Amino acid sequence: MNNYPLPTNWTLRAVSNFDEVPETVRDRDIPATVPGCVHTDLLAAGLIEDPYLDRNEEKVQWIGRTDWRYQCTFDAPANWQEQERVDLVCEGLDTIATVELNGQRVGETANMHHPHRFNIKALLRPQGNTLSITFASAWHYAQAMQEKLGNRPCAYPQPFNFIRKMACNFGWDWGPILITAGIWQPIYLQAWNRARIAAVRPLVQSADANSAKVEVLVDLELAQPGSAQDALNLQVMLTAPNGEKVQQNLAVSGKATTVPLEVDKPQLWWPRGYGEQPLYDIAVSLQAAPDAGETLDEWSARIGLRTVRLNTDADEIGSQFIIEVNGKPIFCKGANWIPDDCFPHRIDEARYRQRIEQSIAANMNMLRVWGGGLYESETFYRLCDELGVLVWQDFLFACAAYPEESPFDKLVEAEARHNITRLSKHPSLVLWNGNNENIWGYFDWGWQEKLENRSWGLGFYLELFPKLVAELDPSRPYWPGSPYSGSMEIPPLDDGHGNKHVWDAWNTDDYTIYRDYTPRFVSEFGHQAPPTWPTLQRAIPADQLTPDSPAMLHHQKAIGGNDKLNNRLAEHFEIPADFDDWLYLTQLNQARAMITGVEWFRSRQPVCWGTLYWQINDCWPVTSWAAIDGDARLKPLWYATRQFYADRLLTFQPDKGNAENSHLTLYAINDTDEAWRENLKVERVTFEGQVLGSHAVSIEIAPRSCQAVLTLPQELAEASDRTREYLRAVEGNQQPATALWFFARDKDLNYPAPSFDAALKSEGATHYLTITAHSLLRDVAVFVDRLDVAATIDDQLVTIQPGDIYTFEIQSEQPLTQEQLISPPIFQCANRFGRVR
């Protein structure tokens, strides 16, 4: 088996839609990069402006309505005629492609989400081969399929549900319309004889402290199917982190073989926070005959030995929804993941690692790969394996009714088979999910009448996908949808069953409505905010940095997004006239919303077993629900996430949520394997620091549990003046307080004017800003990236209480002054925006 890369002499040419194609692009060959796409090739050639900036997206819509041809020339590899097969391997073609070699059609593709392989030996020439791949407009194809099969309900105007392509290319409520085409994954020649390893599925059947059993299922492809074959030899070796090996050798003659392996005293793989992530090297070698020594093909990977179960057992409430790893229930703390770039070939390992490590630094243990994007790259899952991040993987169906008729039945099955098989080796992958919001749409979005009895995808979710997961990877659980109750007889948003999305908070209601719900698992909920200041500066012209400018609204893709942003803000603050203040307050309000939701849901354990908010990342500069913006900068929400996903958390909550008979209660949540023993002080305090009431409480919280540790007595729960007092819970003498509760919304609070002393100490690129508070300083943020776009700070949204001292650590190569750092809009705190300013 030999792989031969194709040369880099690729060119790109527009081959249709000449009424729209600019003259600068028409009738010319443009240098192309593979892997890549049309947009990035035109951008590199200086033929379009960056579609991420200003309103340039509007200027490039013609690209998605145009057919494009990629072409290269190459010589055949040495000794190619001695090989039984020479294949053209296309790991990813986006999407409607016709492949030709030397003027002869080799094949056609219509799915971005799995590779294609073509036997081209008969068409090869020794020198001067011409490979052409013509991509028909994905937009025109989807429109044609929509007309052929009948329109179906869809959350957005574009027909993304009629093509097997990354749906968010067609635009989303956080993403631009950039309908791509191109060779987005590696492409190469592969020459081989007799047989090759087509797929390997190393499935963990059982694993505990004493032993682990693994079945390695190996699929072979024969060069001459149907012809008589001499015996082949298959060798499978599993190597432990300590070097111990388990090996099996056997003769094979068919296309499929199962190789059992057993490991004594295995090192189990655990999600982060629950144990280590030891990985075993597995190597599969296919040899011509037992004693011949000729290796025909090899395959290798790293796997983790662990079991996973989705516990949906019935209980007194309804049915549970608990991810269990190695028999241990896991409270899932995380967020939803979208493609990190509209042009995913640009996402390299460094970028994946940065984003996943940012998630870990925010105390997450799970990412949900959302169904409107991609089955992510091997790099993504490998890093999650190594770092202990659990992955919830959607099949790629989102927010629309999907046809089940030809050709989509076969396209979808091939896609699912490939990706279930490809990802079966990754211990981080713990759940396959059928779709995003499509069952909810069928129940509650008025789809049933519009469908007129046409198919809408239910056969995929309830029949095809569970059948394929059971056939190809029964070691992992499958769940039909998000949200879904577990039955088509029970509404998908039922609190007592399955997993839930909560979107009335944001769309129509204030975020305090989260306390109306006690879900078993909440897999989507979120609140918008603009990106960071330097990201806005890069994307929006300086004269349009206002909330409602044309450019700013262009980077707000949610329908009525700014109205919702302001409506939700107005429930807590007066809408400021100043853009800098508006930016701070909308970012603060986003963080406050997620603090409210996550801390409430965590306090509902053991009824609720997971919170995945929307969303961790962005694909471009945009006002969105993300914690990390499109330029990889941390929004204030990220810092809040690090606090509310902490392993140990104190939180004040009304014990029955928004019900009238609720009592304010202090909860302690211990997401560690050690008991939590602590002496606490719970105090009612004025904004100037006077203690009006105090209560001491000693806690002992069992591992992996939540406990109501104090129902607040009247002298704490009832304020003398709701506008000038708050509650705090303090562990010993820790600063700042670990839990806070305010008796009114900010716009009704009589905050004191910010009063503090500051001191700045600089040691090279490290700067220490120390704040000594004379009054309450609520949600202090120091936006150092306004002074230096590369600057970072170790914390944001810090509430500093009267008499307390807090030091921020800043990294910046530029000189900084104390006056800069303590003056708005660099220095912001909520005190400036209460009833008295």
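Modeller: Cys154 is partly exposed at 26% relative accessibility, where partly exposed lies between buried (under 20% relative accessible area) and exposed (over 50%), with a 1.4 Å probe and protein chains only. This is a predicted model, in which local features need pLDDT of at least 70 and side-chain atom pairs pLDDT 80 or more, while totals for chains, interfaces and linings use all residues. Residues are numbered from 1 along each chain as its sequence is written, and side-chain values use heavy atoms, without hydrogens and water.

Colleague: How many disulfides are there?

Modeller: The count is zero, taking a disulfide as a pair of cysteine sulfur atoms within 2.5 Å.

Colleague: Is Cys90 buried or exposed?

Modeller: Cys90 is buried, at 0% relative accessible area.

Colleague: Changing topic, what does the side chain of His774 make a polar contact with?

Modeller: The partner is the side chain of Asp757, at 2.9 Å; a polar contact is a pair of N or O atoms within 3.5 Å, one able to donate a hydrogen and the other to accept it, and residues adjacent in sequence count only if both atoms are side-chain atoms. His774 is partly exposed, at 41% relative accessibility.

Colleague: And at what angle do H6 and H9 pack?

Modeller: Helix H6 (residues 408–423) and helix H9 (residues 458–472) pack at about 35 degrees, with axes 10 Å apart. Here helices are DSSP runs (H or I) of at least four residues, numbered from the N terminus; axes are lines fitted to C-alpha atoms over the stretch in contact, and angles run from 0 to 180 degrees between N-to-C directions.

Terms used. Helix = DSSP H or I, 4+ residues; strand = E, 2+ residues; numbered from the N terminus.
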